[in-house]
Amino acid sequence: MRAARRLSLAAGMLAAALLPAAPSRAQGSEPDTDAATGYRVRNYRAPVNLPVRGGTRVGVAEVDRLRGEGAAMIDVMPQRGGYDPETGAWRIVDRRDTIPGAVWLPETGRGTIEPRLSAYLAAWLSRLSGGDPGRPLVFFCKADCWMSWNAVRRAAELGYRRVYWFAEGTDGWSEADRPLERASPPPVPLAADTRGERPAEPSDGP
């Protein structure tokens, strides 16, 4: 009987070893986060439950301090109207009120962005930082928005060293009884600027 039990146990262990391993989720990963890049790629309006890589989360008080140090404020709220590929002008479907002095760069917080928008973001970050990778940059959107989380990572990967994430965004700003102002996003550079050439200097106009 003991020999039979040992044989049965050995057979069970062999069968288990031959079964394909169940896929495992990396610690801290999310089903809506791309495993290869680490960016959130869908369901952007949801509680952000992961720390941001390459940046520091800040609240209203820290934003005030950073603004006093000359930090650039970057709003990455998306715009579902998109932009005109011929002119680069944004088709404004959803009006946006933002933190005074912030620059609105729509769609640059998505998990995957086209080369033309990559050039747009890179050109504006270079301009806002004055070419100084140590100048503080504060990214925001709304509360429970992964796009600002993505944008922080993207800026850090571009070499900026003082990158901050204001996770509460314009919702938190309003709740703190701070004013907002109507935003107007700058146009996207011409498509030719994404063919390996230096991005065109962004204009101040809408």
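A disulfide is a pair of cysteine sulfur atoms within 2.5 Å. By that rule, the count for this predicted model comes to 0 disulfides. Two of the cysteines are still worth a look. Cys 141 is tucked away, with a relative accessible area of 0%, and Cys 145 sits at 3%. Both values fall under 20%, so Cys 141 and Cys 145 count as buried.

Next up is the greasy part of the structure. The largest nonpolar core is made of 37 residues, and Ile 74, Leu 125 and Phe 139 have the most contacts inside it. Several elements give two or more residues to this core: strand 2 (72-75), strand 4 (103-104), helix 3 (115-129), strand 5 (137-140), helix 4 (146-157) and strand 6 (163-166). Apart from this core lies another one, with 13 residues, including Val 58, Val 63, Phe 140 and Tyr 164.

What does Ile 74 touch, once its neighbours within four places in sequence are set aside? Its partners are Val 103, Leu 105, Leu 125, Leu 128, Leu 137, Val 138, Phe 139 and Phe 140.

Phe 140 and Cys 141 turn up again around Thr 170, a residue of helix 5 (residues 169-175). Not counting residues up to four places away in sequence, Thr 170 also touches Arg 96, Asp 97, Thr 98, Ile 99, Lys 142 and Leu 180. With Arg 96 there is a polar contact as well, running from side chain to side chain at 3.1 Å. Thr 170 has a relative accessible area of 4%, so this threonine is buried too.

Note on methods:
Residues numbered from 1 in each chain as written. Predicted model: local features only at pLDDT ≥ 70, side-chain atom pairs only at ≥ 80, totals over all residues. Heavy atoms only, no water. Helix = DSSP H or I, 4+ residues; strand = E, 2+ residues; numbered from the N terminus. Buried < 20%, exposed > 50% of the residue type's maximum accessible area, 1.4 Å probe, protein only. Polar contact = N/O pair within 3.5 Å; in protein donor to acceptor, adjacent residues only side chain to side chain. Contact = heavy atoms within 4.5 Å. Core = buried A, V, L, I, M, F, W, Y, C linked by side-chain atoms within 4.5 Å.
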